[in-house]
Amino acid sequence: MSSIQLDFLREKRESEGLPSMAQVLPSRAALVRLGCLIGGSLLLGVMVLTGLVWLQHEANKGNAQRVDATKAQLKSARARSEQLESRFNQVNGANRQRATNLATLRSSAALLSELQLRTPENVQILSVQLSDTALQVKGVAVEPMAFSRINAFQLSLKQSPLLAKTISLTKVERLPAISKPLPDNKGKNPLTLFTPTSVKFELNAPLATLNPQQKAAVMRVLGAEGMAGRLELLHREGLLQ
């Protein structure tokens with residue numbers, strides 16, 4: 001039994017000079033194998049390319065995870081660094097404040113000593129107030145020549161290296177003489193306490209602006225070697241500006 005091969009395109013083949021189906025059929029198996037080989041190669045290539053893309057995706061995924069982990073470590077390290085810096089600034093600020101207070105206390109003692117040394121005779125200091133920028137002095141000068149004594153006191157304070165030169169007299173008040181009988185004093189000639197005429201005054205003495213080295217030098221001039229040494233040590237440690 002023979003098979004009938006129908007060729008509906010025979011005329012088309014003949015017009016274009018192509019071989020007939022009978023001539024092509026013997027090589028059909030080879031053509032099919034070639035087509036399968038080409039198709040298989042293409043499919044294998046697609047599968048290989050897909051595998052490479054998947055491997056690259058997994059590698060990128062792993063790299064992204066490592067980058068995220070590194071970012072988290074950097075963020076944690078930055079937070080710890082900021083905490084340490086904040087703690088250092090707090091400790092450093094506290095140390096500077098203690099050093100400043102220490103230096104101010106010693107300067108206050110030096111100011112009082114300087115004030116005592118520069119107070120002229122017949123001038124009495126009633127009160128002293130020390131602020132961050134100035135020294136307020138209240139006192140009384142006894143007559144006669146009370147105003148001359150106050151002027152001499154003012155000029156003497158201007159010579160102090162701890163005070164500025166702009167020392168001003170802010171208040172002056174003349175006080176009358178006062179006579180008071182002494183208590184428990186009986187007799188024909190009772191004794192009385194006589195307070196002569198005096199002048200009450202107030203002075204404003206701005207503090208001189210001295211760096212730690214200048215202040216230490218002044219302390220040495222005043223004989224306060226210990227204070228000067230401590231000021232120099234605080235300055236070397238960077239605790240005084």
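1. Helices (H or I, at least four residues) and strands (E, at least two) are DSSP runs, numbered from the N terminus. With that in hand, Arg-118 and Glu-114 both lie in helix 3, 4 residues apart, about one turn of the helix. Please keep in mind that this is a predicted model, in which local features need pLDDT of at least 70 and side-chain atom pairs count only at pLDDT 80 or more, while totals for chains, interfaces and linings use all residues. Residues are numbered from 1 along each chain as its sequence is written, and side-chain values use heavy atoms, with hydrogens and water left out.

2. Let me start with the charged pairs. A salt bridge here is a side-chain nitrogen of Lys or Arg within 4 Å of a carboxyl oxygen of Asp or Glu. Searching the whole structure turns up 3 salt bridges. One of them joins Arg-118 to Glu-114, with the closest N and O atoms 2.7 Å apart. For burial, the scale is relative accessible area: buried means under 20%, exposed over 50%, and partly exposed in between (1.4 Å probe, protein chains only). Arg-118 is partly exposed at 23%, whereas Glu-114 is buried at 6%.

3. Glu-114 has a further partner worth a look. Its side chain makes a polar contact with the side chain of Ser-160 at 3.1 Å. A polar contact is a pair of N or O atoms within 3.5 Å; within protein, one must be able to donate a hydrogen and the other to accept it, and residues adjacent in sequence count only if both atoms are side-chain atoms.

4. Next comes a salt bridge between the side chains of Lys-138 and Glu-202, at 4.0 Å from N to O. Lys-138 sits in strand 2 (residues 134-142) and Glu-202 in strand 6 (residues 198-206), so this pair ties together parts that are 64 residues apart in sequence. Lys-138 is partly exposed, with 34% relative accessibility.

5. Arg-174 and Glu-143 form another salt bridge, their closest N and O atoms being 2.5 Å apart. Arg-174 belongs to strand 3 (residues 168-175) and Glu-143 to the loop between strand 2 and helix 4 (146-158), so the pair ties together parts that are 31 residues apart in sequence. Both ends are partly exposed: Arg-174 has a relative accessibility of 47% and Glu-143 has 21%.

6. The peptide bond from Glu-143 to Pro-144 is cis, with omega near 5 degrees, and Pro-144 is placed in the loop between strand 2 and helix 4. Met-145, found in the loop between strand 2 and helix 4, has phi near 60 degrees, a positive value in a residue other than glycine. Met-145 counts as exposed at 55% relative accessibility.

7. Asn-122 also has a positive phi in a residue other than glycine, near 65 degrees. You will find Asn-122 in the loop between helix 3 and strand 1 (123-130), where Asn-122 counts as partly exposed at 39% relative accessibility.

8. On to strand pairing, where two strands pair if DSSP finds at least two bridges between them. Strands 1 and 2 run antiparallel and are joined by 7 bridges, and they form a hairpin with 3 residues between them. Leu-130 has Leu-135 in strand 2 as its bridge partner. Strand 2 is also joined to strand 6 by 9 bridges, again antiparallel, with Val-137 standing opposite Leu-203 in strand 6.

9. Which rings pair up? Rings of Phe, Tyr and Trp (its six-membered ring) pair if their centres lie within 6.5 Å; planes under 30 degrees apart count as stacked, over 60 as edge-to-face and the rest as tilted. The count comes to 1 aromatic pair. The rings of Phe-153 and Phe-201 have centres 6.2 Å apart and planes at 70 degrees, so they are edge-to-face. This pair links distant parts of the chain, with Phe-153 in helix 4 and Phe-201 in strand 6, 48 residues apart. Phe-153 and Phe-201 are both buried.

10. Finally, the surface. Leu-44, Val-48, Leu-52, Trp-54 and Leu-55 form a nonpolar surface patch with about 540 Å² of accessible area together. Patches are made of residues with over 30% relative accessible area and no salt bridge, joining like charges within 9 Å and nonpolar side chains (Val, Leu, Ile, Met, Phe, Trp, Tyr) within 5 Å. Accessible areas come from the Shrake-Rupley method with a 1.4 Å probe; for residues, only the protein chains shown count as cover. Leu-52 lies in helix 3 (residues 28-118) and is exposed, at 52%.
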